[in-house]
Amino acid sequence: MDPYTSRPAVVIDNGTGFTKLGFAGNAEPCFVVPTVVALNDTLSNPARASTTKSSNWLVQHSAGVMADLDFYIGEDALSKSRSSSTYNLAYPIRHGQVDNWDAMERFWQQCIFDYLRCDPEDHYFLLTESPLTAPENREYTGEIMFETFNIPGLYIAVQPVLALAAGYTTSKCEMTGVVVDVGDGATHVVPVADGYVIGGSISSIPISGEDVTLFVQQLMRERGENLPLEDSFEVARKVKEMYCYTCSDIVKEFNKHDKEPAKYVKQWRGTKPKTGAPYSCDIGYERFLGPEVFFNPEIYSGDFTTPLPDVIDKCIQSAPIDTRRALYKNIVLSGGSTMFKDFPRRLQRDLKKLVDARVLAADGQRGGEVKAQLLEVNVVSHPIQRYAVWFGGSVLASTPEFYTACHTKAEYEEYGASICRTNPIFKGMF
């Protein structure tokens, strides 16, 4: 018996805003860590106080060793950057893609040793990636995992497929559907048929959770709210998570707020980080205008004006015709930015309007002789929506098929990092 299969696999879902980590078989991740690294800036330029060549070499060597040790991740990194000017923040992932591999390696190091407190040589690993990730990035990931951490096995899964695996509502896992993954840095609409991503139909839009935060911040600034400059983004993020909701009609919502401001306007109270002085501000229209950028993006930016329901509709229409009915029937939401109140209902309503209008128009062109059957549009929402990708990975990594699908250390040593370019589908599961 393989000794590694008796230990649970490590599941790490790397996101632009947050990374979720834990062990296979659990219902929720053990830790949710902001994907950020604080690096000591003084150690990155070590050769400034040296006079001789020997002392210069010694200073550089000592600084290099210290630079490998003196860094922080997650909340510790954010607090360190606020309290000390010598630490600069590095964000390893931008818009779903790894942008800084040195910072990413350090981030994984602390995730494994400081948070999960496990020996990577004793566990198989399941990592996640964006659907538009280049194959070269999988090679880099494989090199770091096998060379630096010496793990016995690795599987790199596509995030929407895992979200679809987590979106089941019965004992049967339905692996055909559309995943609408709205994260902090990227929004992807990915059609999946029988566990295989339909690559030519993937849609990516430049509006994500971070844009909602920036829009809320902009609205509060324009209204002249008393927000401390250094803390305004963090306040906007908390306002978004605590008070924002999706409305059915934006004009009616404005009227409701104007008629009963005491009922709908909320108060935010905080203390300024530098002086400790208390402050307060009102939270008004941004409560429903923030999430509205997904349905009317022109209110936020003139560069991209296609609403999310239209993007989903075009994505499904570009898929093979024999899969479309099943895709409309199973639209799975994933990511923290789909957690707004009534977001699934609004998305389903707008998408249903588009589909029904097209069917009725087609009936009119045919003269009404043969009526087309209306399509069932179903947006699936579930309690673990925020951590759907991680939970899907936890489910799949706890099956026997997972260990046979992984790339092993022996295969890596024999064939090289190119084996990580492709990862087999769990045929036994589907």
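In what order do the six strands of the open sheet sit, and what is the pairing? The order is β3-β2-β1-β9-β10-β19, and the pairing is mixed. Keep in mind that this is a predicted model.

**The whole protein**

Let's step back for a moment. The protein has 16 helices and 19 strands. Of its 430 residues, 50% are buried. Take the contacts with a separation of 6 or more: 69% of them come from residues 24 or more positions apart.

**Strands and their partners**

At its edges stand β3 (31-34) and β19 (407-408). Each has a single partner strand, so one side of each is left without a neighbour in the sheet. Further in, β1 is joined to β2, and Val10 has Phe23 in β2 as its bridge partner.

On the β5 side, Ala38 is opposite Tyr72. On the β6 side, Val37 is opposite Ala90. Here are the pairings side by side:

| Strand | Partner | Direction | Bridges |
|---|---|---|---|
| β1 (residues 10-14) | β2 (residues 18-23) | antiparallel | five bridges |

**Where two helices cross**

Now for α6 (residues 209-222) and α7 (residues 232-243). Their axes come within 8 Å and cross at roughly 110°. Angles of 65 to 115 degrees count as roughly perpendicular, and α6 and α7 are therefore roughly perpendicular to each other. The crossing of these two helices is right-handed.

Which residues of α6 and α7 meet? From α6 come Gly209, Glu210, Val212, Thr213, Leu214, Val216, Gln217 and Arg221. They meet Ser232, Phe233, Ala236, Arg237, Val239 and Lys240 in α7. By type, the residues of this contact split into six nonpolar, four polar and four charged.

**A mostly covered helix**

Last stop: helix α11 (residues 308-317). How many of the ten residues in α11 are buried? Seven are, which leaves this helix mostly covered. The buried ones are Leu308, Pro309, Val311, Ile312, Asp313, Cys315 and Ile316. If you're tracing that list on the model, remember that an α-helix has 3.6 residues a turn, so residues three or four places apart point the same way.

Terms used:
Residues are numbered from 1 along each chain as its sequence is written. This is a predicted model: local features need pLDDT of at least 70, side-chain atom pairs count only at pLDDT 80 or more; totals for chains, interfaces and linings use all residues. Side-chain values use heavy atoms; hydrogens and water are left out. Axes are lines fitted to C-alpha atoms, for helices over the stretch in contact, and angles run from 0 to 180 degrees between N-to-C directions. Helices (H or I, at least four residues) and strands (E, at least two) are DSSP runs, numbered from the N terminus. Angles under 35 degrees count as roughly parallel, over 145 as roughly antiparallel, 65 to 115 as roughly perpendicular and the rest as oblique. A crossing is left-handed if the near helix is turned anticlockwise from the far one by less than a right angle, and right-handed if clockwise. Contact means heavy atoms within 4.5 Å. Ala, Val, Leu, Ile, Met, Phe, Trp, Tyr, Cys and Pro count as nonpolar, Asp, Glu, Lys and Arg as charged, and the others, Gly among them, as polar. Two strands pair if DSSP finds at least two bridges between them. Buried means under 20% relative accessible area, exposed over 50%, partly exposed in between (1.4 Å probe, protein chains only).
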